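I opened this notebook to record what I looked up in a structure that was new to me. The entries follow the order in which I took up each topic.

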Amino acid sequence: MDTVFFVGILGLALVKATPIAFGAMSGLMCERSGVINIAIEGMMLMGAMMAFLGSVLFDDLTGGNMPQAASLVVGLLAAMLGAGLIALLHAVLSIHYKVDQIISGTVINLLAIGITNFTANAYIDPNGIAGVGVFPVITIPILSKIPFIGPIFFDHAPLVYLMLIMVALLQYALFKTPWGLRTRAVGEHPRAADTVGINVNRRRYINVTLGGLLAGLGGAFLVLESVGRFQKLMTTGRGFIALAAMIFGKWTSVGALGSAYLFGLSEALGVRLQLGDVNELQALALLIGLGLALLALVFAGLKLLRRGTDKRPTRAIGIVAIAGLALIGAALFINWPPVEIPIQFLGLLPYVVTILVLAGFVGRAIPPAAIGKPYEKA
Amino acid sequence: MSDPVLRLAGVSKRFPGVLANDNVDFELAKGEIHALLGENGAGKTTLMNVVYGLYKHDEGQIFINGQEVEIHDPNDALAQGIGMVHQHFMLVPVMTVAENLMLGHETTRGPRLGSLSDLDDKKVAEDVKELGEVHGLAVNPGALVQDLSVGAQQRVEIVKALYRGADVLILDEPTAVLTPQEAEELFRVMHSLIAEGKSIIFITHKLKEVLEIADRITVLRDGKVAGTTTPSETSESELAAMMVGRDVILQVEKKPAHPGEPVMKIQDLQVRDQREQMVVRGVSLEVRAGEILGVAGVQGNGQRQLVEAITGLAHVEDGHVFVDGKEITNLKPRAITETGIAHVPEDRHKHGLVLAYPLDENLMLQTYYMPPFSKRTFIQPKAVKENAERLIKEYDVRTPSITTHAGSLSGGNQQKVIVARELSRDIRLLIANQPTRGLDVGSIEYIHRRIVEKRDEGVGVLLVSSELDEILGLADRIAVMFAGEILAVMPASEATKERLGLLMAGVQETPAAD
């Protein structure tokens, strides 16, 4: 067990966390303004297909004369457009027509599955269309040379960096700017916002649509970064995991990144262990320990962020941190017997973590007060 | 004389099926406090929401300083210097005071990035500091609104309106949530603002306050102006008659009580709320047959949990409740009902009625499983119908039919349905929590009379109310509840508004004091 294993798995976790973080930010955008978004999955799926079609068709139409990067960027824009459009549909249904937002979200999810499966069956698969490739990894000079940290954070594809920038930007925007203040007011107490002259429904329209663009980026990541081509139902529940990450992150983007990283870690672990070159029990213990330590860090961060309102006991955070460190220690110093874990089980890890997190660790997460309620102008 | 700051000419506002404002003329002079008086549903708030741009009027004109203006939304109103403090505060509880103050027209610092600039809380704090010093409107800009007392939240609302440059301030039922002392404090602030040249519209249904503070009074009834007068030209009973449209008896007529044996004894009761906070902290009380024990207190001091614990709706953490010597602590609500307790709950929509049920079914909710309503597991429609017809007549419930849904009745009639159901049973004890909140003067008069009647029949009554006038008018003995404790119990003859007000604010009486 050496640092290479560590660095590899922690870096891979960031990659795996990227689409989940984009999805969680999409949900955050909607829900902070008071609109429930369970349609992240559908928006991401739509984004993935549009990213594929956009890049392939652009490459095709220009006769392959344009550089690969141009096709990929067009794919990215197409993804945002596609997901943005069905997000707009969610907005129209739930804001204008006041359809129950869970129903509307379900409709969007089913619609996205229908459209993408149909397109794949009717057009992509029969024609055997291949993708134009993926964005190259950009190694950031100097920063990537920092031992340990460097390779984890600064040796990635551009969309990973974009995700990190968006997380920071959204955190700042939500809590430090007029836009964020108004968005939060609309999600908490729309009537109060109305009485100071804020147009509640217009703001919700804008936020839901912007949320769609973010989900589109998450979908595009799967095609333009991870796989390189479109497969039916390729989001495999990441949109719902993103929803869990958003809730677990207490409706903040930094919190959402933290929990997305936790899910990314479990996925990365599953992938890494399938290679079969490490002692699996030892690695599991190590990573669960790391996960707990990280969890304690997220909790402590949130507690600092909202002094006074966060009621999580400091002692509980300490216990989680100590348990995590103890497991890491045990992993490093005990000789673990080799055990074969079936590959199928390893692939299950992210979903198991989701269930555990939602069932056990969330505690009482308090959503924006006006969430799910259409605004009736008296 | 110069033009009035605000003038309404022939303003009408229609809602589907209702004419909420009917050709209303109204005038506000610079530097005056103009009270807008009327019953609930008379159209006061609707009229002011028209002025504030939340509703669009169907007919009529609005003039500001003599100029006709169009007000389409609150932004227009704010631009014309009109600010409004709503009855239900328009503050976001999870945000700080500073954030609430600037919401909608934010102060920023650093690079100008439009709506993505950096918010400047410090500037806001500096800006509002002066308001606090001059007018006694001190607020803590860094505090979260949800941690503030109701009085402090109201100050934030007033500061919010002033901070936006309001010259005309509309205060909608501002004293409904305040103790008498807090109300006095508010009146001082209002005078201080008037002295500075602001003008205030003061919406209320409390007659005494109007006579105390207003320069002019306009009374609304059924959406129409019933008259405009000044405090020196009128009296409480005259104003009440204008509000209701007929003479009303403001003081409940009641004979001295003849208390008998204790019906209910509460010993050292402790109750937690949903957030696990201890909100009833060792309450001991005794209610005797044939007397009304009034529990006074500002809302949210544990009264609701006290009532819920007695009636079996909340879990009693510690302590005992006895009715006629039999312990009923933590029994099921049905068992408690069967010991002869009637309960008129605080929230008639949530706990008093099933709004989607017709009246006849609502009128048998407590005893539907017993004869005569049920025999051998089947409901007896004839008995249900007879019961409903009898009670609706006896209690003067105005309804199109006995199968009308409870939700479509007016508040006063809904409350009469609950009172009819509870009082028609054979009871030993009546627990009434805010029995007349939000009702018109006529219904209040009626319900008060019924409560006194029950007392004279020998029923013990526990009356919980945050309206001091109601407590002083009805109760034979008065207990004051503050922060989950009973601070004092006194005979009604020894109670004054001032003494109760101090106790309601948590000021303990020293035993030696006179």
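**Conventions**

I note that this is a predicted model, in which local features need pLDDT of at least 70 and side-chain atom pairs count only at pLDDT 80 or more, while totals for chains, interfaces and linings use all residues. Residues are numbered from 1 along each chain as its sequence is written, and chains are lettered from A and ligands numbered from 1 in the order in which they are written.

**Contact between chains A and B**

I looked up how many residues each chain brings to the contact. Chain A contributes 21 residues and chain B contributes 22; two residues are in contact if their C-beta atoms, placed from the backbone, lie within 7 Å. On the side of chain A, α6 (158-176), α7 (178-188) and α8 (190-195) each supply at least two residues. Helices here are DSSP runs of H or I with at least four residues, strands are runs of E with at least two, and both are numbered from the N terminus. Which helix gives the most to the side of chain A that touches chain B? I found that α7(A) does, with seven residues. By class, that side of chain A holds ten nonpolar, five polar and six charged residues. For these classes, Ala, Val, Leu, Ile, Met, Phe, Trp, Tyr, Cys and Pro count as nonpolar, Asp, Glu, Lys and Arg as charged, and the others, Gly among them, as polar.

**Helix packing in chain A**

I then turned to α1 (residues 3-32) and α2 (residues 40-61) of chain A, whose axes come within 10 Å and cross at roughly 125°. Axes are lines fitted to C-alpha atoms, for helices over the stretch in contact, and angles run from 0 to 180 degrees between N-to-C directions. The helices α1(A) and α2(A) are therefore oblique to each other; angles under 35 degrees count as roughly parallel, over 145 as roughly antiparallel, 65 to 115 as roughly perpendicular and the rest as oblique. From α1(A) the contact is made by A:P19, A:G23, A:S26 and A:G27, and from α2(A) by A:I40, A:M43 and A:M44.

The next pair was α6(A) and α11 (residues 253-273) of chain A, which pack at an angle of about 145° with their axes 8 Å apart. Here A:V167, A:L170, A:Q171 and A:L174 of α6(A) meet A:S253, A:V254 and A:L257 of α11(A). The contact of α6(A) with α11(A) has five nonpolar, two polar and no charged residues.

**Domains of chain B**

I recorded three domains in chain B: domain 1 (6-244), domain 2 (259-340 + 426-509) and domain 3 (349-425). Their bounds come from an automatic or database domain assignment. The centres of domain 2 and domain 3 of chain B, taken over C-alpha atoms, are separated by 25 Å. Their contact takes twelve residues from domain 2 of chain B and nine residues from domain 3 of chain B. Helix α15 (residues 441-456) of chain B gives the most to the domain 2 side, with five residues.

**Sheets of chain B**

I traced an open sheet of four strands in the order β14-β13-β16-β17 (chain B), with antiparallel pairing. Two strands pair if DSSP finds at least two bridges between them. At the edges stand β14 (278-288) and β17 (326-327) of chain B, each with a single partner strand, so one side of each is left without a neighbour in the sheet. Strands β13 (residues 262-272) and β16 (residues 316-323) of chain B pair in the antiparallel sense over six bridges. The bridge partner of B:M264 in β16(B) is B:V323.

I also found an open sheet of six strands, ordered β18-β21-β22-β15-β23-β24 (chain B), with mixed pairing. In that sheet, β15 (residues 292-296) and β23 (residues 477-482) of chain B run parallel and are joined by four bridges. B:A296 stands opposite B:V480 in β23(B). Helix α9 (residues 303-310) of chain B packs on the sheet, touching β15, β21 (429-433), β22 (460-465) and β23 of chain B. Helix α15(B) packs on the sheet too, touching β15, β21 and β22 of chain B.

**Backbone details**

Most residues other than glycine have a negative phi, and most peptide bonds are trans. I noted that the peptide bond from B:P371 to B:P372 is cis, with omega near 5°. B:P372 is found in the loop between α12 (359-362) and β19 (374-375) of chain B. I noted as well that phi of A:W251 is near 55°, a positive value in a residue other than glycine. A:W251 lies in the loop between α10 (238-248) and α11 of chain A.
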